[in-house]
Amino acid sequence: MAGEEANYTATESRPATPRLFRNLGNWRFEDSTAAAGLAVPMIGMGAAAADVDGDGDEDLVVTTLGDTLLFRNDGGRFTECARESGITTPRWRDKVGNEHPMWGTAVTFLDYDRDGVLDLFVGAYVKWSRETDIFTSLDGTTKAFTTPDLYPGDASRLYRGTGSGRFADVSEEAGIAQPNGKSLGVAVCDIDDDGWPDLVVANDTQPNFLYHNESGRFRDVGLKSGVAYDANGRARAGMGIDTARRPPAARPRSRSVTSRRSRSRCSSTRGGFFADEAGPAGLAIPTFLPLTFGVAFVDVDLDGGLDLLLANGHIEPTIQAVRPDVTYAERPQLFLGLGDGKFRERTAAAGDPFARALVGRGLAAGISTATATPTS
């Protein structure tokens, strides 16, 4: 790209596609989207990678405003095969009888039934289509995004891996097909240390779910665990979520962070009950104005403690016309863990990557598995 920043804005002549960047080493990447067979037009929402067919390379699942897609990796070249693999996207009907696909969002792999074969969870947002769109405006003229409470929610899906890269929809029998979800984030964890993976789902304007895995069948315990509503009994605008355990040197508690409109929520638990600790943790005030989508626990300074990274960005390009204190592009935030559940926002000086405003919609944290070559 010769030092210039590539522009991947979709146009009518060039629709949006996912992008695959091949790592060349030394912090350099090349765009390999077309060569890998991923230049597929879509409105993508989420992605997860895993070796679903056991051939030794990473396959890719992408959720969209439309069908969920499975790209099988054959030697670095991807082929879409969701339908033939058993991943079928449900349809819903509007009031005049037109069919529309589920709006897929958050996606993750897990082995919920502990049979050694990967399973797949796909979150669903709202029942929206161009035909059912509701006009909303901030200034009375310009089209704006309609709040999700004006649309009915849709049920997320769970696909059980049956081996050799094939899946079966077990959403109903597994207990996760709740029609009142408007899911945008999901995290896999084991809340009670019973060896069965549980699911925490962040919902937008609907109660959050905490699906407790009871030997391969899920039960939503979000309400009794304190995850579903805030302290005032209101549903949050959940956007993203991550979970982690405090290091052994701290208190033996699980922790979770749910990003939402206007404020992030940090919780800790003993005995399966979560309490909101955003204020005491030092997160409430710094995260009040930004609109956060992506959240991730990381250890950026390698001190053995939990740090917290947030990806921010408003949904309305013209938000400053009605909210002068809020911008469309917003700085990402990095909170350094101080120990015992407290955080301090890292100050971003000029030229620092965290000083640059972005329209963040998600993030991923990775750890290199490469080992350095000894030199003499």
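## Overall make-up

Of the 376 residues in the chain, 46% are buried. The model is a predicted one. Its secondary structure consists of three helices and 26 strands.

When contacts between residues at least 6 apart in sequence are considered, 47% of them link residues at least 24 apart.

In soluble globular proteins, nonpolar side chains tend to be buried together. The largest nonpolar core here has 16 residues, and the members that touch the most others are L70, I87, F109, L120 and F167. Two or more residues of this core come from each of strand 3 (44–50), strand 9 (104–110) and strand 10 (119–124). Strand 10 gives the largest share, three residues.

Leaving aside residues up to four places away in sequence, F109 touches A48, A49, A50, V52, V61, L118, D119, L120, F167 and V188. Another core lies apart from the largest one; it has 14 residues, including L158, A174, I176 and F218.

## Cysteines

The count of disulfides is zero, with a pair of cysteine sulfur atoms within 2.5 Å as the criterion.

Are C81 and C189 buried or exposed? C81 counts as buried because its relative accessibility is 4%, and the cut-off for buried is under 20%. C189 has 14% relative accessibility and therefore also counts as buried.

Key. Residues numbered from 1 in each chain as written. Predicted model: local features only at pLDDT ≥ 70, side-chain atom pairs only at ≥ 80, totals over all residues. Heavy atoms only, no water. Core = buried A, V, L, I, M, F, W, Y, C linked by side-chain atoms within 4.5 Å. Buried < 20%, exposed > 50% of the residue type's maximum accessible area, 1.4 Å probe, protein only. Helix = DSSP H or I, 4+ residues; strand = E, 2+ residues; numbered from the N terminus. Contact = heavy atoms within 4.5 Å.
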